[in-house]
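This report describes selected parts of one protein structure. Please examine the sequence and the structure shown below before reading on.

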Amino acid sequence: MRRSTTADLWWKNAVIYCLDVETFFDANGDGCGDFHGLAERVGHLDEMGVTCIWLMPFYPTPDRDDGYDITDFYGVDSRLGSSGEFVEFLRVARDRGIRVIADLVVNHTSNQHPWFQSARSSRESPHRDWYVWRDEPPTDGPEGVVFPDQEKSLWEYDEEAGQYYLHRFYKHQPDLNVANPAVRDEIARVLGYWLHLGLSGFRVDAVPFLLETEGALDAEELPDPHEYLRDLRALLSRHNGEAVLLGEVNLPYPDTMRFFGDEDGDELTMCFDFIGMQRLYLSLARKQAAPLAEALRERPAPPEDGHWATFVRNHDELTLDKLSKEERQEVFDAFGPDKSMQLYDRGLRRRLPSMLDGDLDRIRMVYSLLFSLPGTPVLFYGEEIGMSEELSVEGRNAVRTPMQWSDDDNGGFSKADPEKLVAPLVRGEFGPAEVNVVSQLRDPASLLSWMKLLIRRYRQSPELAWGRYEVLSVDADQVLAHRADQDGGTVVALHNFADEPVEVTLRLDGLEPGDKLVDLLADGSTPVADGEVKVGLDRYGCRWLRVVKPGEVFLP
């Protein structure tokens with residue numbers, strides 16, 4: 001699918017901010033965040049430089065899986081507000097120039113969804129084939145339990161239905177049968193509904209599982225799963241030519257490329273770079289740039305109008321499943337040595353600041369890296385102030401604690417009694433008394449101020465989002481150096497993964513005597529001699545350098 005050259009590819013240099021409405025800001029004092037409160041706090045995101053808000057599920061739910069168990073794909077959870085308040089929030093965001101995307105969770109439903117209640121009631125039910133049923137679990141069916149500590153099988157026997165149903169996730173989340181045309185049509189209607197209300201796209205949950213059709217039909221009758229993804233992309237474009245599909249695809253690079261639609265780019269608009277994220281943590285653990293540099297060299301270029309989405313943290317466990325067992329143990333030893341910090345032996349349920357022992361230099365370096373790497377940066381709420389996890393909370397919810405706005409009661413999140421809060425607050429050195437928005441707004445040396453600077457420089461540097469990217473060779477194992485070139489402009493970024501200062505020599509092709517490298521994150525410039533330049537980096541230092549030609553006037 002080829003877009004016109006005039007299409008608005010806004011996602012190429014967007015700043016995406018993921019949040020859960022129920023933990024962001026409570027306006028009515030009942031202990032649960034709501035859309036009215038979110039609308040009140042859009043100004044904070046606008047001032048940061050956020051250009052797209054990604055909403056975690058806000059639909060009606062029994063809330064047994066933090067909203068990912070849905071009972072109505074067309075509604076708004078009454079705890080969060082009304083449909084009218086949702087639309088009002090969209091208008092407020094749009095007035096600030098901020099687009100909104102939402103989680104599309106259609107791999108499964110809650111077992112309380114009317115579709116499933118109808119399906120289990122009778123084999124003649126019109127919804128029976130909306131789910132995947134078997135008299136006995138097939139020996140050649142899909143494998144791999146997503147939550148191995150909670151579920152031992154992908155199949156659950158339902159007494160009322162008299163059959164087993166498939167569930168990739170929890171047993172209370174039966175999988176939809178996407179091989180059924182009626183299910184596909186209904187998902188298309190869900191997309192159309194929310195796009196009509198004003199969404200600019202969707203983050204598609206668990207894409208490989210969504211497209212999986214094992215166990216649904218005889219092999220020769222299976223439809224092409226990727227044809228379905230192409231249909232969804234085409235539907236999206238018909239409703240809104242600027243809308244995006246951001247896919248959760250945690251697979252090796254060659255497999256992930258299939259979900260872009262390979263060279264045609266007619267499936268997902270963006271895919272998260274899970275491989276790069278996992279190699280980043282291996283580099284941090286080793287204090288060496290090589291693991292991340294290798295991933296960046298291996299990463300295929302996305303289709304012309306597509307993009308990778310880069311991130312440091314998301315709302316799930318910090319998965320390390322694509323590292324070897326030995327590499328994963330290195331990261332565990334460095335950042336999660338206690339078993340309570342780990343999840344499913346494949347990931348960590350911690351946030352970056354606590355993993356790095358609150359070392360602000362190191363934290364600043366990691367976020368500098370995020371905004372300078374090729375791809376669309378995605379932030380998880382609270383990252384801008386250095387929020388941590390609360391390990392007393394079960395499972396992945398350890399990182400889904402209330403936003404810390406101030407050092408007031410409940411961190412300024414809610415005026416409710418503490419026992420009524422939707423989730424516990426972080427305690428200890430990373431709690432609201434020490435880490436909050438209000439105090440960092442007053443501090444030019446705060447992480448929040450640093451984030452604002454990074455976003456401002458990122459938006460001023462189109463080379464980073466649009467340019468040709470190259471990892472540079474340097475004479476220091478602890479340093480990652482890369483350059484981005486676009487339309488005659490060049491930005492070079494360097495990051496020191498070690499806790500000791502270092503000086504590196506860079507060879508920059510295409511530079512001439514008289515050129516200079518102007519610092520974008522601090523005052524100063526560096527002259528270039530014969531295409532070479534020496535650059536010093538502090539412990540965990542980071543520098544963004546723009547090439548400025550003689551006679552050019554650069555206004556940072």
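Which residue takes a positive phi in the hairpin of β16 and β17? In that hairpin, which has two residues between the strands, the residue is D487, with a phi near 50°.

## Basis of the report

This is a predicted model, in which local features need pLDDT of at least 70 and side-chain atom pairs count only at pLDDT 80 or more, while totals for chains, interfaces and linings use all residues. Residues are numbered from 1 along each chain as its sequence is written, and side-chain values use heavy atoms, with hydrogens and water left out.

Helices (H or I, at least four residues) and strands (E, at least two) are DSSP runs, numbered from the N terminus. Strand β17 covers residues 489-496, and eight of its eight residues are buried, where buried means under 20% relative accessible area, computed with a 1.4 Å probe on protein chains only. In a regular strand the side chains alternate between the two faces of the sheet. In β17, G489, V491, A493 and H495 point one way, whereas T490, V492, L494 and N496 point the other way.

Two strands pair if DSSP finds at least two bridges between them. Strand β16 (residues 479-486) pairs with β17 in the antiparallel sense over eight bridges, and the bridge partner of D485 in β17 is T490. Strand β22 (residues 542-548) also pairs with β17 in the antiparallel sense, over five bridges; here V492 has L545 as its bridge partner.

## Residue N496

N496 belongs to strand β17 and counts as buried because its relative accessibility is 0%. A polar atom of the N496 side chain lies 2.9 Å from the backbone oxygen of E500. A polar atom of this side chain also lies 3.0 Å from the backbone oxygen of D538. Leaving aside residues up to four places away in sequence, N496 touches several residues, including M365, Q478, P501, L537 and Y540; contact means heavy atoms within 4.5 Å.

## Helix α5

Helix α5 comprises the 17 residues 181-197. Its expected span is 1.5 Å times one less than its number of residues, so α5 should span 24 Å; the end C-alpha atoms are 25 Å apart, which agrees.

At the start of α5, a side-chain oxygen of N180 reaches to within 2.9 Å of the backbone nitrogen of A182. After the helix comes G198, whose phi is positive, near 130°. Among the buried residues of α5 are I187, L191 and W194, and the elements covering its buried residues include α3 (83-95), β3 (99-104) and α7 (225-239).

Notes:
Buried < 20%, exposed > 50% of the residue type's maximum accessible area, 1.4 Å probe, protein only. Polar contact = N/O pair within 3.5 Å; in protein donor to acceptor, adjacent residues only side chain to side chain.
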